[in-house]
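I opened this notebook to record what I looked up in one chain. The entries follow the order in which I consulted the model.

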Amino acid sequence: MRALLLENPHPNADLALEAAGLEVRRHPGAMGEDELIAALDGVQVLGIRSKTTVSRRVLEAAPDLLVIGSFAIGTNQIDLRFAAHRGVAVFNAPFSNTRSVVELALGEIVALSRRLTVVDDALHAGTWLKSAAGAHEVRGRTLGIVGYGNIGTQLSVLAEALGMRVVFYDMAEKLALGNARRMGSLDELLDVSDVVTLHVDGRPGNAGMFGPEQFDRMRPGSIFLNLSRGFVVDYSALREHVLSGKIVGAAVDVFADEPMRTGDPFDSELRGLPNVILTPHVGGSTEEAQEGIGAFVSNKLARYVLDGTTTMSVNVPPLALDPAPAARHRVAYLHRNTPGALALVNQAFAESGANIEGQILGTSGDLGYVITDIGGDLPDEARQALDEVPDTIRLRVLPAGQTEV
Ligand SMILES: NC(=O)c1ccc[n+]([C@@H]2O[C@H](COP(=O)([O-])OP(=O)(O)OC[C@H]3O[C@@H](n4cnc5c(N)ncnc54)[C@H](O)[C@@H]3O)[C@@H](O)[C@H]2O)c1
């Protein structure tokens, strides 16, 4: 089996794949559709980051492909639903860079509260700007976290360790950690927060969720951060509120239109504003995060290839499995989730005389995934019968005695 890794994931990504017996090839950049289709000939495992698009056309033209790893947080670059219906599972690394984002946000909250960018600029320009005016400790200040997910919750814990009061607003019910308090609405959060930081996800409904109305509602003298998604915030409104002096500091890491490559030109209405830190979407970009992502995703890919485990797949039903014990064959069967599908599968095994030693079924939406461990070999008649079931998407027979990776 072959794996193709594009866009230079961390070198440790190769390790789990090689340990699983795959031949790993690398290509440093992203690929366009046609190049990718040609490169996928004979490839079972594809690893990408954010710049390669795996479209319906690519999936249709890649019959050998079994599984895709997004060595990133996002999976928007992959047609997930179509992939599932082609029998291609997809995995990502939803929280391997969480800590990196949290640390950057914390550092920025302290830096903005002390107006570090302003005094630093002045000193580099040869002016001694020594004053306590407008400089604050973060201890005792109220941090308002919008979006209390992986990043929001970890930030909550570390901010409390610095002595901040934490309030949060999340559209879903969330357990408040430590002494954090849940607010009933975004407005309620804006009324009490000295620092507002956005950590919502990129669902389309969040486009423009933070605009003039929300900036108006913020407390005078407050600080604003967005390290979530660019399209969530109206940056013209942020600019106006910084220029009016209402917002005294801001940190922005994400933009609606981000340049493709390092070194590309960049423009924004936020350039040149005082005490505004602009960073090129590097919240999650640390060597530690890259290493974590490399190990996490390749481990998921290897486990899927070896024993069919789909835990945390973003597009097929999740099943946590032990490696197939020696002297058994494991049949991994992805199918359309229709009434009677499981009965047809078991009928095929029963009629061929295969002895089922263990079985587990997972479903999500219109997909079903059954793992069946059978004693001995899978009889040809069973394989043929399963292949002929109309709702079959993909049938894989995993050899006996696979080891853990
Ligand atoms: N800057 C970076 O480099 C970087 C790195 C990693 C993640 N991110 C981004 O950070 C964001 C958060 O990541 P995460 O891993 O914590 O995501 P997550 O899915 O764990 O958490 C998002 C939370 O936001 C909540 N939410 C969504 N829309 C909301 C709304 N309108 N109002 C209130 N709550 C809302 C959800 O219920 C969820 O609890 C994502 O947008 C992600 O893309 C950025």
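What share of the 405 residues in the chain is buried? I found that buried residues make up 48% of the 405 residues. I took buried as under 20% relative accessible area, exposed as over 50% and partly exposed as in between, with a 1.4 Å probe and protein chains only.

Entry on conventions. I worked with a predicted model, in which local features need pLDDT of at least 70 and side-chain atom pairs count only at pLDDT 80 or more, while totals for chains, interfaces and linings use all residues. Residues are numbered from 1 along each chain as its sequence is written, and side-chain values use heavy atoms, with hydrogens and water left out.

Entry on the overall chain. I noted 13 helices and 16 strands. Helices (H or I, at least four residues) and strands (E, at least two) are DSSP runs numbered from the N terminus. Along the principal axes, the C-alpha atoms fill a box of roughly 85 × 45 × 30 Å.

Entry on helix packing. I looked up helix 5 (residues 98-113) and helix 7 (residues 150-161), whose axes come within 9 Å and cross at roughly 50°. That angle makes helix 5 oblique to helix 7. The axes are lines fitted to C-alpha atoms, for helices over the stretch in contact, and angles run from 0 to 180 degrees between N-to-C directions. Angles under 35 degrees count as roughly parallel, over 145 as roughly antiparallel, 65 to 115 as roughly perpendicular and the rest as oblique. I recorded the crossing of helix 5 and helix 7 as right-handed, that is, with the near helix turned clockwise from the far one by less than a right angle.

Entry on a buried position. Ile293 lies in helix 11 (residues 287-307). Ile293 counts as buried because its relative accessible area is 3%. I found the C-alpha atoms of Ile293 and Ala72 separated by 6.9 Å, although these residues are 221 residues apart along the chain.

Entry on salt bridges. I applied the rule of a side-chain nitrogen of Lys or Arg within 4 Å of a carboxyl oxygen of Asp or Glu. The count comes to 17 salt bridges. One of them joins the side chains of Arg2 and Glu23 (3.8 Å, N to O). This pair links distant parts of the chain, with Arg2 in strand 1 (residues 2-6) and Glu23 in strand 2 (residues 23-27), 21 residues apart. Arg2 is partly exposed at 27% relative accessible area, and Glu23 is partly exposed at 40%. Arg2, Glu23 and Arg25 are linked in a network of salt bridges.

I then looked up Arg81 and Asp366, whose side chains meet in a salt bridge (3.0 Å, N to O). Arg81 lies in helix 4 (residues 80-85) and Asp366 in the loop between strand 14 (355-364) and strand 15 (367-375), so the pair ties together parts that are 285 residues apart in sequence. Arg81 is exposed at 55% relative accessible area, whereas Asp366 is partly exposed at 31%. Arg271 and Asp267 also form a salt bridge through their side chains (3.0 Å, N to O); Asp267 is exposed at 60%.

Entry on the surface. Which residues form a nonpolar patch on the surface? I listed Leu116, Val119 and Leu129, with about 230 Å² of accessible area together. Accessible areas come from the Shrake-Rupley method with a 1.4 Å probe; for residues, only the protein chains shown count as cover. Patches are made of residues with over 30% relative accessible area and no salt bridge, with like charges joined within 9 Å and nonpolar side chains (Val, Leu, Ile, Met, Phe, Trp, Tyr) within 5 Å. Leu129 sits in the loop between helix 6 (116-124) and strand 6 (142-146), and Leu129 is partly exposed at 43% relative accessibility.
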